[in-house]
Amino acid sequence: MSWSWLKKIQKEAPKFWEDYLASFHVNDETKRYVVFDCETTGLDIKKDRILSIGAVAIVDGQIKVQDSLTLFVQQDIFKAESVPIHGILKEGQEEKVVEAEAAIQFLDYIKNATLVAHHANFDIEMINQALNRLDLGRLKNQYMDTDIMYQKLKYYPEDQHTSLDELCEVFKVKKSDRHTASGDAFITALIFLKLKKKLDI
Amino acid sequence: MKNPIAERIADFLKQFHPFSEIGYTHLLKVAESCSVLYLEKNQVLFHVNDAIHDSFYVVASGAVGLSVSSDTDDVLIDKCDEGDILGLRPFFAKDNYLMTAKAREESIVYAIPIEVFRPIAMQNSGALDFLLQSFASNTRNPMDKNHKGKLISENVIYDEQKNEIQYYQPIQYTKNPITASATDIVKYVAQTMSSRKIGSIIIHEDRLPVGIVTDKDLRSKIATGLFTIDVAVNQIMSSPVITVPENLSIAEAQMMMLKHNVGHLCVTKDGSNLTEITGIISEHDVVVAQANNPGVLLRQSRRAEKTSDLKAIRAKLADLIQNSIDKDIPIQHICSLTGEINNAILERLITLSIEKMDTPPPAKFAWFNIGSQGRKEQLLLTDQDNALVFEDVEDERYEEVKNYFLKLAQKVTKGLNKIGYAYCPADMMASNPQWCKSVSDWKNQFKGWIQNPGERGILMCTIFFDYDFVYGEESLINEISDVVFGETENNDLFFAYLGADALKNPAPLGFFRQFLVESDGEHKDTFDIKARGLVPLVDAARLLAIQCRIRNNDNTAFRFMKLAEKEPQNAAVYEACGEAFLVLLRFRTEEGLKNENDGRYLNLKELSKLDKVKLKNAFQPISEIQEIIKNRFQLTYFT
């Protein structure tokens, strides 16, 4: 009932969550960005689930290929119709982890980095929903959205959105790995680097 | 754990040397360790004398230029494209970089840590050899031809850039040339020239140069009967001969020839005509010395077999323009060279297109460029504007002939589009039935525009009056010119219209000499250099040139020059306008090259203070020339 939120607070948070929160108290010398993308079973934040997460870090204006993360999440809910888009089958080849394990790895990977994604609100909300299912809080990271950055660059109104495909065209980024989480994360990272320079951030 | 991004990079790398020599597992390790960098255009990756980085670089997309600095000048010596390696120095040496690497366009590069790559390369002799070779070529003394590396010589663009440097190298010329004494008889001199297969011979007196006899002298003075073949050669020689010192650079030699309008230079010990002759430099020597020179591009255009060859030439031309701009070569010089090469490309394309037609042309015709292409002011790749005229044919053949030329024009415009000149959005092209017609129709067309100068007529005049013959039967164009000049003579109404049109864009400075910027639309707060700066000058030059009956000088700067000669009382204004035009054109070209667009809109915020002053000064003459136009054509009441 309505007091259940109290219980949540009292319950001791798991170690990885504590570590994650603690990372925000560390003063880093270099700023780290993590560009990420989630492939999901659909666009419904409540009902749909994350199929995979791809992420790559940017430090000093350089994409660090080694500092990347690829996760495939084991599914309880499975929508056959999204397979043709992502190519992730329920029992595919990729090594999969359960959602909780994915969350642990993801938090451990991102730490206090500034998150970057295209249409970031959606991806971040998908992660938040997953965290919520684990009785954890929401992501604390600052984040940037390449769509909004492009709006700023072009002085577009807030309701004018640009797809990742369109940005690839604009910035002449090859779309070879579109629709895998890592591929999209890498593409977004390239676009982010360009936007960042142009906006002088 | 799998790293799809690293796999993607490994897949890219394995297409190129030396990575293709390395096993996939190792390559994946390399890919995993690398960083991805984005370079803006003109961003520097490393400077000459910078401490070495711990990585070397592979260009993933875009292009990075390597240059060495001599004095204040950067000399580009290599351009690295997709898959090319650069910055290998730290692999082999501990000292600082010897070159500057700068992005020539937006680029993405992979930085590969040397620590990771070294052990892998050391195990693989193929890869190591390759790296050694490319290191040698990347760091050699650029003046030293003997150390030409394998890596670079495979790169076509490099060959050209290298000639950039050669441009400043001493020229190779004929030493100890064949000479004749001033008192020798023409006939024997000519026989010597024939048997030695030379086109010129230096005439000496006591080993000192006094003149030169070329094929041209023989042609114009002997073959015409002006002199007989048994006179002494000093009667027909050109004198004095231009003398130059030894160790002349190619650039200097070319300048001397252009300056004195000669095809040969005589080399003497100290460069004066009072010391012994040691050699002769011909125009041919200059051309041969530089593969990257406009002359060679011209020749390549004439020999091109396919549209794609022409496309490559146009791309090289773009490099040439960029280099020339970088080197502050006068823009007028660049314009005329570019115009010539553009025309050569077009000529060749038309020839190729005619070959592709089933039958040869059924009538004489001429192809001409109009608008900025007609004025030869097109440095950037903008759209094509052209038209076609064919000789009058019998009525019953008219349709057939016109259809033939329309079909030909379609092939040509399509080819031009492929080469990079976009289709004209207003369809001002010879493939449009309106702009492909017989000479009589064209004459009537121009008459119509001139006699009934409505708004549209004037617009057409501003486009079509800047025509430049490109291909075919030039007399057809001259016929049209006759009509234009005949019809416009003392045609006050027409000039009033054209004059009013020329005044529609006033000088772009506000009351406080601030810039007038675009107030709305996509280009808000930028400065429209075309409409506000170039067009008023172009219009004024055209109007005055037609009025002063100046023919065949369609380039705006030339027009102002000619005007200054014709009207000394206004010479100062005309000269100022000519200069202003060149300054503005340079601004536009630089902006266009920087942003890879037509350079029309300048972002004032990006201009330095000095540039702004330069720009403002260039606008001053606009008001002055417009005042002249206003008074001359009594437009105060007209508008």
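In the predicted model, 23 residues of chain A are in contact with 23 residues of chain B, contact being defined as heavy atoms within 4.5 Å. The size of an interface is often given as the accessible area lost when the parts come together. Between chain A and chain B the buried area is about 2,100 Å², and carbon and sulfur atoms give 54% of this area; buried area is the accessible area (1.4 Å probe) that two parts lose on being put together, summed over both. Of the area that chain A buries against chain B, 29% is supplied by Val65(A), Phe186(A) and Lys197(A), more than by any other three residues. The model is predicted, with local features requiring pLDDT of at least 70 and side-chain atom pairs counted only at pLDDT 80 or more, whereas totals for chains, interfaces and linings use all residues. Residues are numbered from 1 along each chain as its sequence is written, chains are lettered from A and ligands numbered from 1 in the order in which they are written, and side-chain values use heavy atoms, with hydrogens and water left out.

Chain A contains eight helices and five strands, where helices (H or I, at least four residues) and strands (E, at least two) are DSSP runs numbered from the N terminus. The order of these elements from the N terminus is α-α-β-β-β-α-α-β-α-β-α-α-α. Among the 201 residues of chain A, 49% are buried, a term that denotes under 20% relative accessible area, as against exposed at over 50% and partly exposed in between (1.4 Å probe, protein chains only). Of the contacts in chain A with a separation of 6 or more, 66% involve residues 24 or more positions apart.

Chain B has 24 helices and 21 strands, and 55% of its 639 residues are buried. For contacts between residues at least 6 apart in the sequence of chain B, 70% join residues at least 24 apart.

In chain B, the axes of helix H14 (residues 331-356) and helix H23 (residues 571-595) come within 10 Å and cross at roughly 70 degrees. Axes are lines fitted to C-alpha atoms, for helices over the stretch in contact, and angles run from 0 to 180 degrees between N-to-C directions. H14(B) and H23(B) are therefore roughly perpendicular to each other, the class that spans 65 to 115 degrees. On the H14(B) side, Ile331(B), Gln332(B) and Cys335(B) meet Leu582(B), Leu585(B), Arg586(B) and Thr589(B) of H23(B).

An open sheet of four strands in chain B has the order S18-S17-S16-S19 and mixed pairing; two strands pair if DSSP finds at least two bridges between them. Strand S18 (436-438) and strand S19 (468-472) of chain B are the edge strands, each pairing on one side only. Direction ignored, neighbouring strands of this sheet are turned by 25 degrees against each other on average. Strand S16 (residues 365-369) of chain B pairs with S19(B) in the antiparallel sense over four bridges, and Ala366(B) lies opposite Gly472(B) in S19(B).

Strand S15 (residues 277-282) of chain B is mostly covered, with six of its six residues buried. S15(B) is joined by five bridges to strand S14 (residues 264-268) of chain B, and the two run antiparallel. Strand S9 (residues 174-175) of chain B is also antiparallel to S15(B), through two bridges. Gly279(B) in S15(B) is the bridge partner of Val267(B) and stands opposite Lys175(B).

Technical notes
Parallel < 35°, antiparallel > 145°, perpendicular 65-115°, else oblique.
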